[in-house]
Amino acid sequence: MSTEPMRFDTKIAVLLREDLEPWQRLNVTAFLVSGLGTAVPEVIGEPYEDADGVRYLPMFRQPVLVFEGTKETLTAAHGRALSRALPRSVFTSDLFATGNDRDNRAAVRAVRTGDLDLVGMAVHGPKNAVDKVLKGARMHP
């Protein structure tokens, strides 16, 4: 087994609006990253198994970096992710008032792209492209 650190050509990043409550940050992050594994299956590693043979679900094979920024930073990052056609997921403020996937999708569908009240987004892609998308954001404390 190699002791060399594993390097990745891609980056998984979550960008959260800085004015979210702590519970909202956790909830939004969980929802956002759940979409990436379905759209980009190569980011998912192998299943886990403990020493007793109990199996666990696979998870991302690389770290997820979490950033924060202003509403304006998030809007600009969303536009850059769209222009680069990077796989992305979004969470809007409207989703805090819904309670299921059907209503979540309807809430997003009801708003034009430029009018989405984004509170978070996740993005995956080549490191340099994701870094450009996140311009102006800072690492989450």
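**Entry 1: S4 and S7.** I looked up the pairing of strand S4 (residues 64-69) in this predicted model. Two bridges join S4 to S7, and the two strands run antiparallel. Within this pairing I noted that Glu-68 stands opposite Arg-138 in S7.

**Entry 2: the sheet.** I then traced the sheet as a whole. I found an open sheet of five strands, ordered S5-S6-S1-S4-S7, with mixed pairing. Its edges are strand S5 (88-92) and strand S7 (138-139), each of which pairs on one side only.

**Entry 3: helices on the sheet.** I recorded that helix H1 (residues 22-39) packs on the sheet and touches strand S1 (10-17), S4, S5 and strand S6 (118-126). The direction of H1 makes about 145° with that of S1. Helix H2 (residues 71-83) also packs on the sheet, where I list S1, S4, S5 and S6 as the strands touched. For H2, I noted an angle of about 35° between its direction and that of S6.

**Entry 4: Arg-138.** I returned to Arg-138, which lies in strand S7. Leaving aside neighbours within four places in sequence, I list its contacts as Glu-18, Phe-67, Glu-68 and Gly-69. Glu-18 is 120 residues from Arg-138 in sequence, yet their C-alpha atoms are 9.9 Å apart in space. I class Arg-138 as partly exposed because its relative accessibility is 39%, a value between the 20% and 50% limits.

**Entry 5: a nonpolar patch.** I looked up the surface patch made by Tyr-48, Val-54, Tyr-56 and Met-59; it is nonpolar and covers about 390 Å². I placed Met-59 in the loop between strand S3 (55-56) and S4. Met-59 has 48% relative accessibility and therefore counts as partly exposed.

Notes:
Residues are numbered from 1 along each chain as its sequence is written. This is a predicted model: local features need pLDDT of at least 70, side-chain atom pairs count only at pLDDT 80 or more; totals for chains, interfaces and linings use all residues. Side-chain values use heavy atoms; hydrogens and water are left out. Two strands pair if DSSP finds at least two bridges between them. Helices (H or I, at least four residues) and strands (E, at least two) are DSSP runs, numbered from the N terminus. Contact means heavy atoms within 4.5 Å. Axes are lines fitted to C-alpha atoms, for helices over the stretch in contact, and angles run from 0 to 180 degrees between N-to-C directions. Patches are made of residues with over 30% relative accessible area and no salt bridge: like charges are joined within 9 Å, nonpolar side chains (Val, Leu, Ile, Met, Phe, Trp, Tyr) within 5 Å. Accessible areas come from the Shrake-Rupley method with a 1.4 Å probe; for residues, only the protein chains shown count as cover. A salt bridge is a side-chain nitrogen of Lys or Arg within 4 Å of a carboxyl oxygen of Asp or Glu. Buried means under 20% relative accessible area, exposed over 50%, partly exposed in between (1.4 Å probe, protein chains only).
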